[in-house]
Amino acid sequence: PLFEALAANLVASGKLQNLSPPLATELAWGFAAARVHHSPLFAQLEELCTSHLQNLETEDVAGLAWSFIALGRRDPRVFQALQDYVDRFAGRFRANELRMLNWALATQRSATQI
């Protein structure tokens, strides 16, 4: 109930738009780690984070990808943006971040092929 109430408040109040993109990625991770899938919240997080993806650190992007996949979010636009980020900044990723991103991207691709 706490996560649901927080999500509903963030969506209804418009406060989500005031979060910095790195903080928004951590919010997404927190909800995913708690296995709380609030669709309206994640729709806004997808928009906020992908529109600022180029300004995020590699660890934020890896965590964001994990968050979306962990909750079954499979928007092709989001994952194309993530793939573009990986292509552009491939040399900056730590090994564990690349593993997480590769897993998320492969999971998304296999889901769209079914």
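**Overall fold and one histidine**

From the N terminus onwards, the elements of the chain follow the order α-α-α-α-α-α. Please bear in mind that this is a predicted model. The count is 6 helices and 0 strands. The radius of gyration is 14 Å, close to the 13 Å that the globule rule gives for 114 residues, so the chain is as compact as a globular protein of that length. Taken along the principal axes, the box filled by the C-alpha atoms is roughly 40 × 30 × 20 Å.

Of the 114 residues in the chain, 42% are buried. Among contacts with a separation of 6 or more, 73% are between residues 24 or more positions apart.

Next, the surface and the charges. The chain exposes about 6200 Å², and carbon and sulfur atoms supply 54% of that area. There are 10 positive and 11 negative side chains, and the centres of these two sets lie 3 Å apart.

Is H38 buried or exposed? Its relative accessible area is 11%, and buried means under 20%, so H38 is buried. Which residues does H38 contact, leaving aside its neighbours within four places in sequence? They are E4, A7, A8 and V11.

Thank you for your attention.

Technical notes: Residues are numbered from 1 along each chain as its sequence is written. This is a predicted model: local features need pLDDT of at least 70, side-chain atom pairs count only at pLDDT 80 or more; totals for chains, interfaces and linings use all residues. Side-chain values use heavy atoms; hydrogens and water are left out. Helices (H or I, at least four residues) and strands (E, at least two) are DSSP runs, numbered from the N terminus. The radius of gyration is taken over C-alpha atoms; the globule rule is 2.2 Å times the number of residues to the power 0.38. Buried means under 20% relative accessible area, exposed over 50%, partly exposed in between (1.4 Å probe, protein chains only). Contact means heavy atoms within 4.5 Å. Accessible areas come from the Shrake-Rupley method with a 1.4 Å probe; for residues, only the protein chains shown count as cover. Lys and Arg count as positive and Asp and Glu as negative; His and the chain ends are not counted. The place of a charge is taken as NZ of Lys, CZ of Arg, CG of Asp or CD of Glu.
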